[in-house]
Amino acid sequence: MVLLENDSFLTELTRLFQKCRTSGSVVITLKKYDGRTKPVPRKGHSESFEPADNKCLLRASDGKRKISTVVSTKEVIKFQMAYSNLLRAHMDGLKKKDKKSKS
């Protein structure tokens, strides 16, 4: 997995969307990121770790290639605006679900 800066993540995400426009899909996940790179210790081992800054981890994958970025609280509004514009531009290929009538 490649950890990118926010602007380069959006650029690569645009490329993933364009690559998968005709066939395939892009999976995007978002989760809270506290800066840990090691797993949380079990109960009984008390290790107090307080993150100084709340962050979000975004991951995108097309099945073959994975990219990710970490967004801090200072950059959230700028990133969210750019990210939402990118999603609006590339969400036109969605398929509608077939509604099955109740017989």
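**Local contacts and packing in the predicted model**

In this predicted model, the side chain of D62 reaches the backbone nitrogen of R65 at 2.7 Å, a polar contact being a pair of N or O atoms within 3.5 Å, where within protein one must be able to donate a hydrogen and the other to accept it, and residues adjacent in sequence count only if both atoms are side-chain atoms. A further polar contact, at 3.2 Å, joins the side chain of D62 to the side chain of K19. D62 is placed in the loop between β3 and β4. With a relative accessible area of 15%, D62 is buried (buried means under 20% relative accessible area, exposed over 50%, and partly exposed in between, with a 1.4 Å probe and protein chains only). When neighbours within four places in sequence are left aside, D62 is in contact with L16, K19, C20 and S25, contact meaning heavy atoms within 4.5 Å.

Residues are numbered from 1 along each chain as its sequence is written, and side-chain values use heavy atoms, with hydrogens and water left out. Because the model is predicted, local features need pLDDT of at least 70 and side-chain atom pairs count only at pLDDT 80 or more, whereas totals for chains, interfaces and linings use all residues.

The secondary structure of the protein chain comprises 2 helices and 4 strands, where helices (H or I, at least four residues) and strands (E, at least two) are DSSP runs numbered from the N terminus. From the N terminus on, these elements follow the order β-α-β-β-β-α. Of the 103 residues of the chain, 25% count as buried. Among contacts with a separation of 6 or more, 64% are accounted for by residues 24 or more positions apart.

Helix α1 (residues 6-19) contains 14 residues and reaches 20 Å from its first C-alpha to its last, close to the 20 Å expected at 1.5 Å a residue; the expected span is 1.5 Å times one less than the number of residues. An α-helix has 3.6 residues a turn, so residues three or four places apart point the same way. The buried residues of α1 are N6, F9, L10, E12, L13, T14, L16 and F17. These residues pack against β1 (2-4), β2 (27-33), β3 (55-61), β4 (66-72) and α2 (76-90). T11 is also found in helix α1, but counts as partly exposed at 39% relative accessibility. The side chain of T11 reaches the backbone oxygen of D7 at 2.9 Å. T11 and L86 are separated by 75 residues in sequence and by 9.5 Å in space, C-alpha to C-alpha.

In strand β4 lies S68, which counts as buried at 4% relative accessibility. Not counting residues up to four places away in sequence, S68 touches M1, V2, L3, L4, F9, L57, L58 and R59. V76, found in helix α2, is partly exposed with a relative accessible area of 30%. V76 and K55 are 21 residues apart in sequence and 8.9 Å apart in space, C-alpha to C-alpha.

The second largest pocket has a volume of about 230 Å³. On a 1 Å grid over the protein atoms alone, a pocket is an open set of points where a 1.4 Å probe fits, with protein on both sides within 12 Å along at least five of seven lines, and lining residues have an atom within 4 Å of a point. Its volume is the space filled by probe spheres set on the points, which are joined across faces, edges and corners. The lining of the second largest pocket consists of L3, L4, E5, N6, D7, L10, T69, V70, E75, K78, F79 and A82. At least two lining residues are supplied by each of β1, α1, β4 and α2. By class, this lining has 6 nonpolar, 2 polar and 4 charged residues, with Ala, Val, Leu, Ile, Met, Phe, Trp, Tyr, Cys and Pro counted as nonpolar, Asp, Glu, Lys and Arg as charged, and the others, Gly among them, as polar.
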